[in-house]
Amino acid sequence: MLVDETGKRHGRLTVIRRAGSNKAKEALWLCRCDCGGENIVRGTDLRKGHTKSCGCLEQETRVRNGYKRMRHGMSESRLYDVWTSMKTRCTKPTHPHYKDYGGRGISVCDEWANDFQTFATWALSHGYDENAPKGKCTLDRIDPDGNYCPENCRFADMEVQQNNRRDRKGNVRVYLGKDGIYHANKHCGDRLEGASE
Ligand SMILES: [Zn+2]
């Protein structure tokens with residue numbers, strides 16, 4: 001029994017005309033999509049709601065879900081936390097350690113500040129390991145007075161960072177806070193010092 005689909009709407013599709021049958025002798029229909037695309041769809045797929053567009057709808061959903069998944073995955077990643085806290089301590093005077101960063105002129109380069117993906121791409125190609133044990137893969141500025149930018153950053157474990165920040169007598173001049181960030185040692189003034197010899 002043939003159901004005439006001509007002129008009917010199914011989702012974004014409007015049926016233009018019959019387009020023969022498939023090998024199983026099921027009626028096929030030529031449809032025009034709201035987006036301007038056309039496709040040929042089985043009558044049963046139209047009636048059951050299996051096909052509601054030329055494919056553009058699925059494409060949009062895939063993109064949307066992919067984007068959501070990416071954002072979700074990234075928001076939960078440690079790297080995303082690294083990125084947000086890097087920016088916050090350089091830009092928000094209310095951050096408890098702003099004085100050691102933004103407060104003394106340390107900033108994040110535009111390409112990183114404006115785009116997590118750019119930062120993530122750099123990080124992943126410069127040794128960042130999402131699964132490294134805590135403290136084994138931290139964002140380090142090579143020149144402690146320099147900014148957060150690709151030329152001045154690397155991932156290092158805490159020992160490397162500590163070695164980088166001893167004064168001439170070998171005393172560690174910074175201490176590791178509970179937040180995983182180095183802070184100036186109160187007994188050694190309030191500046192982060194790099195080993196400069
Ligand atoms: Zn379409």
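## A look at Phe-119

Helices here are DSSP runs of H or I with at least four residues, strands are runs of E with at least two, and both are numbered from the N terminus. Residue numbers start from 1 along each chain as its sequence is written. This is a predicted model, in which local features need pLDDT of at least 70, side-chain atom pairs count only at pLDDT 80 or more, and totals for chains, interfaces and linings use all residues.

Phe-119 counts as buried because 26 other C-beta atoms lie within 10 Å; the cut-off for buried is 20 or more such atoms, with C-beta atoms placed from the backbone. Beyond its neighbours within four places in sequence, Phe-119 touches Trp-83 and Trp-112, where contact means C-beta atoms, placed from the backbone, within 7 Å. From C-alpha to C-alpha, Phe-119 and Tyr-80 are 9.3 Å apart, although 39 residues separate them in sequence.

## The whole chain

Stepping back, the protein chain has 6 helices and 8 strands. Starting at the N terminus, their order is β-β-β-β-α-α-α-α-α-β-β-α-β-β. Of the 197 residues, 19% are buried.

## How confident is the model?

The average pLDDT, the predictor's confidence in each residue from 0 to 100, is 80 for the protein chain, and 74% of the residues score at least 70. Residues 166-170 have pLDDT below 50, and this stretch has 7 contacts in the model beyond near neighbours in sequence. Residues 186-197 also stay under 50, with 23 contacts beyond four places in sequence. Where pLDDT is low, the predicted coordinates should not be read in detail.

Note on methods
A residue is buried if 20 or more other C-beta atoms lie within 10 Å of its own, exposed if 12 or fewer, and partly exposed in between; C-beta atoms are placed from the backbone. Two residues are in contact if their C-beta atoms, placed from the backbone, lie within 7 Å.
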